[in-house]
Amino acid sequence: MTKEGQDGTGRNAVFSKTAYPNGDGDVAGLVGNNSDITDHKRAENTVRELSRFLNIVIDNANIWIDVLDEKGNVLIWNKAAEAISGYSRAEVVGHSEKWAWMYPDEAYRKEVFEKVAATIQGGGAIEDLETVIRAKGGEDKIISWRVRSLVDEKGAHIGAVALGRDVTEHKQFEKEMARLERMNLVGEMAAGIAHEIRNPMTTVRGFLQLLGEKEGSTKYKHYFDLMIEELDRADSIITEFLLLAGKKTAVTRSEDLNSIIAALLPLIQADAVSNDKYVNVELGAIPKLVLDAKEIRQMILNLSRNGLEAMSAGGTLNIKTFAEGEDVVLSVRDQGKGIKPELLDKLGTPFLTTKDRGTGLGLAVCYSIAARHGAIPEVETGSTGTTFFIRFQAATGSTSPP
């Protein structure tokens, strides 16, 4: 009950009364006791308000925060944890199931938890532990963790608090930067040595032509032709090698990507028909882009020829353009057997090839051209084929008809 104190302020009190009997067993009267619990109530309200404020802070933090009890059950799961993992608080709080939902690979899960348990059960901490989690939507994400053991006033381990940051995009950016640095190094090497290699090759080629035309050399002409053919092949490799130069100046202007593809289509179709394959083209309504048309033609040809070579007879190569948000996307899809998972992270690396006579420069050139245009290459692959996407940032301009 609430009563007013002598100073006019409200006070909280607990009033109790006890009946006492007379000699006949009837109630003779009541004994009352009045206890002032104002300070206790104020302390309770303060703790309740602090707890509410702390929950608001945790819930609005921009990093993943979860608190576990000593058995690994989730006690607290904030909004950032929901957003990153895709799992709601209702799905997680009070459960652990050994975190199989987040680490579906049992061996990997065991490795992670042994590492964590060994540290936090001894009252320690873990700094910058990176793990790959499986979000609810099926997407793998890289999370950087800081984990602290929770110890009560008696020194007993009562749980742990984990702070997580989604570093997936940062890791992908680091990987892309490392790849670009390698490409730049190769480009600088190419620019430095190509001229020195080409000069003697041109001289040798010229003398081979002269020797092949001399009287008495006719019977060896097929040998000379073979050597000239190989020199020409080496020269074409050098030409592709030079396209990797990161400092190459692109001659750009407003171009219609659909028109570039349409102009190349007869050449691509000729390659396909000669190998009993087909080409399907779908050109969407897209704005013009600032491009180096010569480089973009080279990129489209490389992607198309790679796709055609990846397929068996009867396969169809699909080339599409479409707008997606503010981006313009070029996609080239084949119906091959797909790319092996262990090669995906190495795509675009010079001299990486699975072809018997391939140089491994075609795709590297495509990645280099995309980088010079500020475009982002992406790949989707599976047992039914591979699709390469080149995502351009759209420039302001008119929309080209399909």
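Buried here means under 20% relative accessible area, exposed means over 50%, and partly exposed is what falls in between, with a 1.4 Å probe and protein chains only. The model is predicted: local features need pLDDT of at least 70, side-chain atom pairs count only at pLDDT 80 or more, and totals for chains, interfaces and linings use all residues. Residues are numbered from 1 along each chain as its sequence is written, and side-chain values use heavy atoms, with hydrogens and water left out.

I start with the salt bridges (a side-chain nitrogen of Lys or Arg within 4 Å of a carboxyl oxygen of Asp or Glu). The structure holds 15 of them. One of these joins the side chains of Glu-130 and Lys-171, at 3.1 Å from N to O. Glu-130 is in strand E6 (residues 125-134) and Lys-171 is in helix H5, so the pair ties together parts 41 residues apart in sequence. Helices (H or I, at least four residues) and strands (E, at least two) are DSSP runs, numbered from the N terminus. Lys-171 counts as partly exposed at 25% relative accessibility, and Glu-130 is partly exposed at 40%.

Helix H5 also carries Arg-205, which lies 27 residues from its partner Asp-232 in helix H6. Asp-232 is partly exposed at 35%, as is Arg-205 at 26%.

Next, Arg-391 and Asp-327, whose side chains meet in a salt bridge at 3.9 Å, N to O. Arg-391 sits in strand E16 (residues 385-393) and Asp-327 in strand E14 (residues 327-333), 64 residues apart. Is each partner buried or partly exposed? Arg-391 is buried, at 15%, while Asp-327 is partly exposed, at 23%.

There is also a network of salt bridges linking Glu-127, Asp-128, Arg-146 and Arg-148.

Now helix packing. Helix H7 (residues 257-273) packs against helix H8 (residues 293-310) at about 35 degrees, with the axes 10 Å apart. Axes are lines fitted to C-alpha atoms, for helices over the stretch in contact, and angles run from 0 to 180 degrees between N-to-C directions. Contact means heavy atoms within 4.5 Å. Residues in this contact include Leu-257, Ile-261 and Leu-264 of H7, and Ile-296, Ile-300 and Leu-308 of H8.

Last, Tyr-220, in the loop between helix H5 (168-213) and helix H6 (221-242). Tyr-220 is partly exposed, at 40% relative accessible area.
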